[in-house]
Each structure stands twice: as structure tokens, then as C-alpha cells.
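Hi,

Here is the structure I promised to pass on.

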Amino acid sequence: MKRHITCLSRILMQNNHAKTIPVARYLSTQEATDRRNHLFTLEKKRQQEKIGRIEKIEVNYKGVPKNVTLVMNKDISTPYDCAKHMSEWHVESSALALIDGNVYWDMHRPLTENCTLEFQNFTVAEPQQVNKAFWKTCSLVLGACASIAFKNDVTVKLHSFPGPDIRSGSFIYDIDLPSLPDWTPSQHELYTITAEFVKFARQGHLIERLEVSQDLALEMFIENEHKSSQIPNIAKTNGKVTLYRVGKHVDISKGPLISNTAQIGRVSITSIHKLTGSTDSEVKQLHRFQGVALPTGVILNHFAFSILTERAKKLNPARSPINKYVERHDASEIVAARAR
């Protein structure tokens, strides 16, 4: 009978020979997703309870309809909470927050001190950072949808997605499908993954951010050897790993990301390419999932979008994470960690 992997981990930790006994990684993709979601919830609750005495901060909002000063709760209130004091339009349209004029901040990340606050939507004069956050969010959601699109007996191990490059024409996620080495997706299968993506996005999941310790991150991704090998390099600066949760899906990203999935509009998963590693690569093959999307409210006619779709079918030129020469770079630049 299978035991819960957490129980097994505790038994091994108590055993004097724990370091020499490998932890069995037998969780299904869905079980691993549920387990990470549960651990994320527990850690978020623990951090909130640790705050203790509530302190007030002043948030000086700059923008329409007028500049105002809001009194909010330190380490609790978020830009999203501030938007609620303004209008429903601010809540729905704001993708990122701009703090003190130079720091881009997640809408659901608690504010830590007195600051000025501006909201960033997809029509701001300089949309580069918002577009990058949008592209990264699409990659995150693509990983979530790929995890649920296959049958339970197909193992899906997410590897990483690179930093966004709008010029490449597609957002991507590199995924290990060990039981499907020769899989070439049909057009119908691409439509199915697109439908999963659209369904997931329409549910309007908030995108939550949480910093956790290296040990907890390793525990959360214990069944995924790719993430487990990336985490120590990600955490080497301050011992922390930044996680994001969308729905029940938890993944690694430096962020920032947009506010919620309802801000993702028209989307198409256009192609899946095989990436092959060198003879000495630990991972011999990955599948590069690619797609293209528009923010909600951005209208493009069918012909124009079809041009973007055709372009997004071509193999994205981002470096393969399993080629030896890539691994010489700082891991914070190439992982789920490469999402910047």
C-alpha cells in the first residue's frame, strides 16, 4: 500500500541512515500538485500568523481619478487591496503595481513600508514590464495546464521556462514527458491543450506570491528531480525561493506576474517541439510547449492573430536548458528560475 510521501520523509528523517536511503518518488502528477498546494497554504498561514502586532503604513496613490493617501496594514495589505479602495476598474485592469516610481510589484504581494503606488495596466505609455509579466504568467499557466491535460498514467515533470522575449513570438515551457519519448502532438491535441488553457484562464485565478526557505522548497518539489536540482542554485543568494500559486498549481518564478488569469484573453497553444540533450546531459529530451496570447481587452482580427499564430509555431530560439553549454550560466538565469 502506498504511504503519503510526507510520512515517508518523516520516517527517513528519524532513521539514522536517512542520508543513504533514497526517498521513493511515486506521487502522480495530480497528487504532487495537491501536496504542493497544501504545503503552500500551510506556509502562507504560518507567515501571516507570525506578523503579530499590526502596524500602519501610508500608501500615497498617484493616478486617476486623483491622488490620495491610503492608510494600510504593513506586511498584510497589498496593491490589490488598495485598488479595492479606488474602483472596480482599478481592480480588474491593474496588472502590476509600481512602487516609489521604480520597483515593479505583484498586485497580491504585501506592502512592507510607506510608499508611493501607481497601477500598471496593458495600455500604459511604457508597457515593457507589464508585457514581460504577462508573458511569464502565460508560461506559468501553460505549465499548470500541461500538468492536467494528460491522463493520470502519464508522468509530467515540469522543467523550466526562460525569461520572456516578446520578439521570439511565443511564450514557452520546457517539459519532461518520460513515458512519451516519441510523442508528436496532433493538431487535435494542441486544440485540447488550448481549451484547457482557456478554461483555466477564464476561472480568474488570483496569482499569489510566497517566499519560502530552501528546505521547504525542496520538500514541495521532492518528486521532481529537475526542480530539486535547480532550487539550491536559486536559493544560494539569500536562502529563499520565490513561489507563485495559480489555482492549485505552484511553481518557481522570480516574477513579478500579473494579477489574475482573467487578464489573459485570446490564446493559442501553437506547437510542441522536441529538445534533445547532448550525450552527457542528465536529461536526454524535453518537449518545448509554445503558445501565443493577448491580454483581455486587446482586440485583433482573425487574420492578424493567425499571423501571430503561424509565427509562434516555429521553434522558439531560447536556449535549451539541457545543453551542456547552458548549464555554465548562473542557474538563476535558466530555471523555472529563469523566469524573469
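**What I found**

Val154 sits in the loop between helix H5 (128-149) and strand S6 (157-160); helices (H or I, at least four residues) and strands (E, at least two) are DSSP runs, numbered from the N terminus. Bear in mind that this is a predicted model, where local features need pLDDT of at least 70 and side-chain atom pairs count only at pLDDT 80 or more, while totals for chains, interfaces and linings use all residues. Residues are numbered from 1 along each chain as its sequence is written, and side-chain values use heavy atoms, with hydrogens and water left out.

Val154 is buried, at a relative accessible area of 13% (buried means under 20%, exposed over 50%, partly exposed in between, with a 1.4 Å probe and protein chains only). Leaving aside neighbours within four places in sequence, Val154 is in contact with Thr29, Ser179 and Leu180 (contact being heavy atoms within 4.5 Å). Its C-alpha is 7.6 Å from that of Leu177, 23 residues apart along the chain.

Now for helix H9 (residues 302-313). Its buried residues are Phe305, Thr309 and Ala312. Seen down the axis of H9, these fall within an arc of 60°, so they line one face of the helix (the arc is that of the directions from the helix axis to the C-beta atoms). Strand S11 (264-276) and strand S12 (285-295) are among what covers the buried residues of H9.

Cheers
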